[in-house]
Amino acid sequence: MATPDSIKPFSPEEIQRILHHLQQPAVFVDMTCGWPVLHWTAEHLSGCLGDKLIRFRLGRKKDTNTPVFETQCSYVEAKLAHFLSWTWGQAGTDVGPFFEYPKSEYWAYADYKYIAILLQDQPSMFEDVKWSEFGYEGRNGRESTLWIGTEGANTPCHLDSYGCNLVLQVQGRKRWHLFPPEDTVNLYPTRIPYEESSVFSQVDVLHPDLRRFPAFQGARAHVVTLEPGQVLYVPRHWWHYVESVDPITVSVNSWIELDVDDMARVSEAVTKAVVCVLKSAPSDDNTDDWLNPTEEGVASHNENMQYVNLAVGAYAQRQSGLCHSELIRDPRDTRPVKRDSRGQIRKNSDSVRDSVPFSVPYGPHLTPVRCQQECSPETRRVTIKHLEVGSDTPQRTELASAVGLHQGRYECSPGLTQRKSCDCADGTPENSSKDYEEPIKTTITTNDLLDCLVHPDIIARVTKLLLQRHIGNHRTMKTS
């Protein structure tokens with residue numbers, strides 16, 4: 001039975017406290033009763049948007065053991081009415097540009113649609129999305145994005161560099177496969193295709209090629225199927241692969257800014273500068289479509305360095321402001337300063353409240369997204385067995401050996417020289433010489449090099465060094 005509109009399981013203040021303590025994805029239930037956005041079905045939106053053209057991404061329905069990146073998709077500009085006719089397969093109806101793409105072979109996705117732009121002629125609809133009930137005062141559809149897809153439509157596994165994520169399912173169901181930040185080593189991160197604020201995984205998480213990506217077997221998948229009316233909280237830097245499982249799905253999300261985004265912007269600026277320099281250089285192997293369609297073009301190195309300096313300057317300025325604000329804080333309070341949805345520093349009025357031990361109130365209205373390994377070890381073992389290629393014993397033994405070599409070790413690109421685990425500073429294998437394996441003869445490409453140079457862990461180290469030097473020099477100049 002639905003919760004009455006006037007009664008919600010948690011108040012905005014309670015949700016803020018819950019989010020402050022949540023360390024894993026969780027689903028809020030019965031928090032959106034009465035939100036007008038729940039009427040935003042594809043059919044309803046078609047009536048609202050009329051003849052407005054929307055860009056759809058189309059991908060082939062086939063298992064290739066590789067992610068379907070946006071650079072590999074086709075694109076059409078169509079009305080939502082065309083999309084609906086194509087999806088339902090209505091004979092004799094106008095499907096517009098979709099006629100070139102058989103429904104049996106393709107899925108379609110209108111993703112990353114900023115509601116502020118899509119509905120700019122109907123700004124009153126912004127108020128249909130009520131993130132203020134989650135404690136984000138003033139946040140609504142204007143700060144949200146819309147996603148409309150068919151069964152099979154998906155977003156490749158990736159992590160978002162900035163903020164955390166709140167996702168409301170409106171129509172149909174979507175299945176989320178989430179992995180904690182600690183699993184980065186098992187997900188083979190890459191910045192090709194390049195998109196600012198998105199770090200992609202090279203692994204097709206539903207049909208992984210464990211010969212190329214053996215460490216993925218150690219990844220800890222947290223899986224949930226999001227139902228209409230439910231809201232999923234995705235913590236910062238959690239990897240996620242998302243797939244529509246019903247004929248038509250509609251969802252709305254909002255990325256919530258965090259204080260640590262200031263440093264993340266510096267990291268993204270550094271990454272962009274490095275990627276653009278190497279991928280723009282003439283080279284025999286630089287022939288791939290490396291720039292995501294969401295990017296507006298390749299910026300010059302001068303522009304990218306300006307971006308780096310702006311990001312570092314903004315970080316330094318923010319840190320200076322935080323240092324000033326901390327003069328009036330309790331010196332024993334070491335938590336980062338909180339900010340509201342407008343970026344303003346909040347008064348730390350809950351310091352006493354938060355000093356009391358807090359337990360996340362899991363129950364019928366708040367459910368954790370649990371790790372599959374925790375839920376069913378047997379299922380996990382069957383899943384991994386199913387993922388293995390072939391059934392002959394030597395093949396499984398070889399695969400298990402490869403997994404053992406890679407688990408818990410940092411990997412750049414799967415096509416490079418493979419060796420035993422190494423714990424020694426000089427690169428000497430910790431195992432005996434009899435375990436030595438001959439290097440695999442292969443050519444290192446620009447993308448292989450980038451997978452190492454802009455690996456999230458490497459970029460994090462570079463960012464810290466850059467900020468230490470810049471801010472240190474800046475402070476020295478001010479005091480001299």
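Mentor: Gladly; this is a predicted model, and we will take a few labels in turn and set each against its cut-off.

Trainee: Let's start with a single residue. Why is Ser198 called buried?

Mentor: The relative accessible area of Ser198 is 2%, and buried means under 20%, so Ser198 is buried. This residue lies in strand β10, residues 198–201.

Trainee: And which residues is Ser198 in contact with, leaving aside its neighbours within four places in sequence?

Mentor: Those are His158, Leu159, Asp160, Ser161 and Arg191. Contact here means heavy atoms within 4.5 Å.

Trainee: What makes the pair of Ser198 and Glu195 a polar contact?

Mentor: Their side chains come to 2.5 Å, and the cut-off for N or O atoms is 3.5 Å, with one atom able to donate a hydrogen and the other to accept it. The pair therefore counts as a polar contact.

Trainee: Now the strands. How do you know that β1 and β12 pair?

Mentor: Three bridges join β1 (residues 26–28) to β12 (residues 231–234), and pairing needs at least two, so these strands pair. They run antiparallel, and Ala26 stands opposite Tyr233 in β12.

Trainee: What makes β3 and β15 the edge strands?

Mentor: The sheet is open, with nine strands in the order β3-β2-β4-β5-β14-β7-β12-β1-β15. β3 (74–78) and β15 (366–368) each pair on one side only. Neighbouring strands of this sheet are turned by 25° against each other on average, direction ignored.

Trainee: Which helix lies across β2, β5, β7 and β14?

Mentor: That is α2 (residues 42–49), running at about 75° to β14. Helix α3 (residues 80–88) packs on the sheet too, and its direction makes about 30° with that of β5.

Trainee: Finally, which strand gives the most to the lining of the second largest pocket?

Mentor: β4, with five residues. The lining has 40 residues, and among those nearest the centre are Tyr112 and Trp255.

Note on methods:
Residues numbered from 1 in each chain as written. Predicted model: local features only at pLDDT ≥ 70, side-chain atom pairs only at ≥ 80, totals over all residues. Heavy atoms only, no water. Helix = DSSP H or I, 4+ residues; strand = E, 2+ residues; numbered from the N terminus. Axes fitted to C-alpha atoms, helices over the stretch in contact; angles between N-to-C directions. Buried < 20%, exposed > 50% of the residue type's maximum accessible area, 1.4 Å probe, protein only. 1 Å grid on protein atoms, 1.4 Å probe; cavity = no way out; pocket = protein on both sides within 12 Å on 5 of 7 lines; lining within 4 Å.
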